[in-house]
Amino acid sequence: MVGGWREKLARVGGHGQASVVSKCPCCGYRTGCVTCPVCFWTDPAQADPGAFVAVGGPNGELTLTEARLNYALYGASHPKYREVVRKPRADEQY
Ligand SMILES: [Zn+2]
């Protein structure tokens, strides 16, 4: 019996959801926040319900597709957030 290190390794390298910081679906940086500080997109459920569907809630009528376009144009998921967003940190890069 070698011990449980193989099991442990499998957990670390496998479905390590808890240890992997989730990427923002809008700007793609690994901010791991519900509301992304880089683009100010608010992830309704940390899931993509369909990029073409406006889900309402914190993002209002803004779709993820529009938010991505806004981020490309303005550096924020909506032009009104340009003043509150910040640049991504080095450890949040892809
Ligand atoms: Zn973002």
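1. The buried residues of helix 2 are Leu 64, Ala 67, Asn 70 and Tyr 71, where a residue is called buried if 20 or more other C-beta atoms lie within 10 Å of its own, exposed if 12 or fewer do, and partly exposed in between, with the C-beta atoms placed from the backbone. These four residues lie on the same side of helix 2, because they cover an arc of only 115° around the axis, the arc being that of the directions from the helix axis to the C-beta atoms. On the face of helix 2 turned away from the buried side stand the exposed residues Ala 72 and Leu 73.

2. Please keep in mind that this is a predicted model, in which local features need a pLDDT of at least 70 and side-chain atom pairs count only at pLDDT 80 or more, while totals for chains, interfaces and linings use all residues. Residues are numbered from 1 along each chain as its sequence is written.

3. The pLDDT, which is the predictor's confidence in each residue on a scale from 0 to 100, averages 79 over the protein chain, and 64% of the residues score at least 70. Over residues 13-18 the pLDDT is below 50, and this stretch has zero contacts in the model beyond near neighbours in sequence, a contact meaning that the C-beta atoms of two residues, placed from the backbone, lie within 7 Å.

4. As for the overall make-up, the protein chain has two helices and zero strands, with helices (H or I, at least four residues) and strands (E, at least two) taken as DSSP runs and numbered from the N terminus.

5. Not counting residues up to four places away in sequence, Cys 39 touches Cys 24, Cys 26, Cys 27, Tyr 71, Ala 76, Ser 77 and Val 85.

6. Cys 26 belongs to the loop between helix 1 and helix 2, and it counts as buried because 28 other C-beta atoms lie within 10 Å. Leaving aside neighbours within four places in sequence, Cys 26 is in contact with Cys 36, Cys 39, Trp 41, Leu 64, Ala 67, Arg 68, Tyr 71 and Ser 77. Between the C-alpha atoms of Cys 26 and Val 38, which are twelve residues apart along the chain, the separation is 9.6 Å.

7. Although Phe 40 is not a glycine, its phi is positive, at about 70°. Most residues other than glycine have a negative phi. A positive phi, near 80°, is also found at Gly 75, which follows helix 2.

8. Gly 57 lies in the loop between helix 1 (5-13) and helix 2 (64-74), and it is exposed because 9 other C-beta atoms lie within 10 Å. The C-alpha atoms of Gly 57 and Asp 43, 14 residues apart along the chain, are separated by 9.7 Å.

9. In the segment after helix 2 one finds Gln 93, which counts as exposed because it has 9 C-beta neighbours inside 10 Å. Apart from residues up to four places away in sequence, Gln 93 touches Tyr 29 and Pro 88. The C-alpha atoms of Gln 93 and Gly 28 are separated by 8.2 Å, although these residues are 65 residues apart along the chain.
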